[in-house]
Amino acid sequence: MAGERKSSAAASVLKIAEPVAERMGLEIWDVRYEKEGASWYLRIFIDKPGGVNINDCEQFSRAVDPLIDEADPIDGSYYFEVSSPGIERELCRPEHFLRYIGQKVTVRLIRPLEGRRDYLGTLESFADGVATLRLETGENISFERRQAAHVRVYEPF
């Protein structure tokens, strides 16, 4: 029930936020409605070519917040946040995976595959929900997106 509530709320907010983002030259990277401790958070991650800054986040927040309040797609109170997906952005949607083919990513699987949960490699392909990663050893591993706790773009520091 809680999972349905979270995905339904995020989908409703996405429908409200996408047209606003498009008008502002932004892309909605992800929408998350999640509980941390005793509090609920609605988080919208935005992006644009060259990246977003604090002003982009503030302007988008001011434009979309009243629309979300008016539509009232979420029961109860929550904290609203708008931010960038960051340098080590999480790949959430199929289009994210397709955009980052050929790039290095880190993967944390929910359950071990070949005795490991954590992998670093180049994203070789993504089709029908299955990602293939080329490891530094030259080997490939494939996993279903739903088997991963997260897949993030790798940025060495």
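This is a predicted model: local features need pLDDT of at least 70, side-chain atom pairs count only at pLDDT 80 or more; totals for chains, interfaces and linings use all residues.

Q: Why is Y33 called buried?
A: Y33 has a relative accessible area of 3%. Buried means under 20%, so Y33 counts as buried.

Q: What makes the aromatic pair of Y33 and W40 stacked?
A: The ring centres of Y33 and W40 lie 4.6 Å apart, with 20° between the planes. Centres within 6.5 Å make a pair, and planes under 30 degrees apart make it stacked. W40 has a relative accessibility of 14%; the limit for buried is under 20%, so that label follows. Y33 and W40 also belong to one aromatic cluster with Y78.

Q: Why is the pair of F97 and F126 called stacked?
A: The centres of the two rings are 4.4 Å apart and the planes stand at 20°, so F97 and F126 are stacked. The pair links distant parts of the chain, with F97 in helix 3 and F126 in strand 5, 29 residues apart. F97, at 1% relative accessibility, is buried, and F126, at 12%, is buried as well.

Q: How do you know that the charged end of R89 sits over the ring of W29?
A: The charged end of R89 is 4.9 Å from the centre of the W29 ring. The distance limit for this label is 6 Å.

Q: What makes strand 7 and strand 8 edges of the sheet?
A: The open sheet has the strand order 7-6-5-4-8. Strand 7 and strand 8 each have a single partner strand, so one side of each is left without a neighbour in the sheet.

Q: How do you know that strand 6 and strand 7 pair?
A: They are joined by 5 bridges, and pairing takes at least two. In one of these strands, strand 7, N140 is the bridge partner of R134.

Conventions: Residues are numbered from 1 along each chain as its sequence is written. Side-chain values use heavy atoms; hydrogens and water are left out. Helices (H or I, at least four residues) and strands (E, at least two) are DSSP runs, numbered from the N terminus. Rings of Phe, Tyr and Trp (its six-membered ring) pair if their centres lie within 6.5 Å; planes under 30 degrees apart count as stacked, over 60 as edge-to-face and the rest as tilted. Buried means under 20% relative accessible area, exposed over 50%, partly exposed in between (1.4 Å probe, protein chains only). A charge sits over a ring if NZ of Lys or CZ of Arg is within 6 Å of the ring centre and within 35 degrees of the ring normal.
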